[in-house]
Amino acid sequence: MEALQRGQFDISIPDNLPDDLAELGEALKTLAAAMKLQSDQAKKLAEIRRRINEGLLLNDVLEQVYESFFSLIPYDRIGFALLEKGRQVVRAHWARSESAYIELPIGYSAELKGSSLEDVVLSRRPRILGDLEAYLEQHPESDSTRRIVAEGMRSSLTCPLLVKGQPVGFMFFSSMRPHTYTEDHQDFFLQIADQLALTLERSRLYEDLLRMTEDLQKTKEALEHEASRDSLTDLWNRRAILDLLQREIARSSREERSIAAVMIDIDHFKRINDRIGHLAGDQVLLEVTRRVGSTLRSADIFGRIGGEEFLIILSPCDKKTALEVMERARCACAASPVSIEERDFDLTVSLGAAVATGGNVDLSTMLKAADDALYRAKNGGRNRSEVVEL
Ligand code: GH3
Ligand code: MG
Ligand code: MG
């Protein structure tokens, strides 16, 4: 009795006791065996509770279920399905099986109404099917049973998952042997059902939240992209490129680096527009974007500040480098005519740059200087590069 109180269930009874004491001894041994079974099951349940509680992601929780339930409920396959669309549809969400193939795949869905699962929902009790082949003969319309039988399963225990009394889904235990499940298995499941349902629901909500956060992030990035990009060329738009220039000016004066702002303007663009129309003019703008872009490095910042005017920010960049970059861009544009609707058009651009090497410049000084340089390039005959040093 003392040993039993200490939780030691392997008790020994001395031999050669008087009959009545020997009878009591046998009774104590039976009691000890029953207590040991109960204690083992309580430990296993506690272990399962601990393990399913650890998972935050649905799949982790389900993996834990697959790994740990076996000690209490035998199975060759576990499936998990969620009720969707106002509880009208059951959708297979997860499955693990010892069988070589899965006939009832994840994503498989069926109407709850009229299915045998509806009874499980209504009774709110786990249901045992001891012989799935016999069940299929009686219910040939049950597609899910047909699939499970094709996977080699012969008996099943279907458990409803309830949160605050409302069904949220099902856990399916299946065995390759018929008549695997008993009332004990039903009872084991019921002991853990509430917590399991809550944990699964919690992780499902958590995953919904993760997905929503991800979607929001993507929408935010798309909006930011849209707000800062030029819709025709996908270059930085006027607002963005001027913001970037402001930031780069501040940074270069902090780090005592040189910086160049290069303005590019297409020569006689009005003529192109007048001759071939506005839409074809847009093609020319795209061609200039491609040609100039192909001469730049990834660190160079390229934007469109107006109709046929572009801006490039280079940093660090002295006068010599600025001129090299400008000439490369100019030559790329003038290299060959642009052909639109089977007609060739000569394409040239004029470039004007402001280069600041000593710091202490501001945005408007820089833009004004670049504009002056561009004006000189136009006046000097176009298809030229001019640089103003600040
Ligand atoms: P230059 O710069 O050599 O002095 O002559 P230009 O003809 O290019 O100069 P101007 O700035 O007078 O004309 C620019 C023209 O660009 C005016 C307008 O018709 C056209 N333009 C402005 N924005 C767009 C646009 O988004 N698409 C098209 N197709 N044309 C545009
Ligand atoms: Mg212009
Ligand atoms: Mg122009």
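E63 touches W94 and R96, leaving aside residues up to four places away in sequence. Contact here means heavy atoms within 4.5 Å. The model is predicted: local features need pLDDT of at least 70, side-chain atom pairs count only at pLDDT 80 or more, and totals for chains, interfaces and linings use all residues. Residues are numbered from 1 along each chain as its sequence is written, chains are lettered from A and ligands numbered from 1 in the order in which they are written, and side-chain values use heavy atoms, with hydrogens and water left out.

E63 sits in helix α3, residues 58–68. Helices (H or I, at least four residues) and strands (E, at least two) are DSSP runs, numbered from the N terminus. The relative accessible area of E63 is 27%, so E63 is partly exposed. The classes are buried (under 20% relative accessible area), exposed (over 50%) and partly exposed (in between), with a 1.4 Å probe and protein chains only. E214 is 151 residues from E63 in sequence; in space, the C-alpha to C-alpha separation is 24 Å.

The partner of E67 is R96, with the closest N and O atoms 3.8 Å apart.

In total, the structure holds 27 salt bridges. The criterion is a side-chain nitrogen of Lys or Arg within 4 Å of a carboxyl oxygen of Asp or Glu. One of them joins the side chains of K36 and D40, at 3.3 Å from N to O. Both residues belong to helix α2 (residues 19–54). They are four residues apart, about one turn of the helix. K36 counts as partly exposed at 31% relative accessibility. D40 is partly exposed too, with 27%.

A further salt bridge pairs D208 with R211. Its closest N and O atoms are 2.9 Å apart. Helix α7 (residues 183–228) holds both partners, three residues apart, about one turn of the helix. D208 has a relative accessible area of 26% and is partly exposed. R211, at 47%, is also partly exposed. The pair belongs to a network of salt bridges that links E201, R204, D208 and R211.

The magnesium ion (ligand 3) is coordinated by D265 (OD), I266 (O) and E308 (OE), at 1.9 to 2.2 Å. Along the chain, these donors follow the spacing D-I-x41-E. I266 lies in strand β7 (residues 259–266), and E308 in the loop between β8 (301–306) and β9 (309–314), so this pair ties together parts that are 42 residues apart in sequence. Donors are N, O and S atoms within 2.8 Å of the metal (3.2 Å for Na, K and Ca); water is not among the atoms, so sites may look incomplete. I266 counts as buried, at 1% relative accessibility. E308 is buried as well, at 15%.

The magnesium ion (ligand 2) is coordinated by D265 (OD), E308 (OE) and E309 (OE), at 2.1 to 2.4 Å. The donor spacing here is D-x42-E-E. E309 has a relative accessible area of 30% and is partly exposed. D265 bridges the magnesium ion (ligand 2) and the magnesium ion (ligand 3), which lie 3.5 Å apart.

The largest pocket has a volume of about 660 Å³. On a 1 Å grid over the protein atoms alone, a pocket is an open set of points where a 1.4 Å probe fits, with protein on both sides within 12 Å along at least five of seven lines. Grid points are joined across faces, edges and corners, and the volume is the space filled by probe spheres set on the points. The pocket is lined by 35 residues, a lining residue having an atom within 4 Å of a point. S116, L117, S142, S144 and T145 lie nearest its centre. Strand β2 supplies the largest share of the lining, five residues.

At the level of the whole chain, the domain assignment gives domain 1 (1–54), domain 2 (56–208) and domain 3 (238–389). These bounds come from an automatic or database domain assignment. The C-alpha centres of domain 1 and domain 3 lie 88 Å apart.
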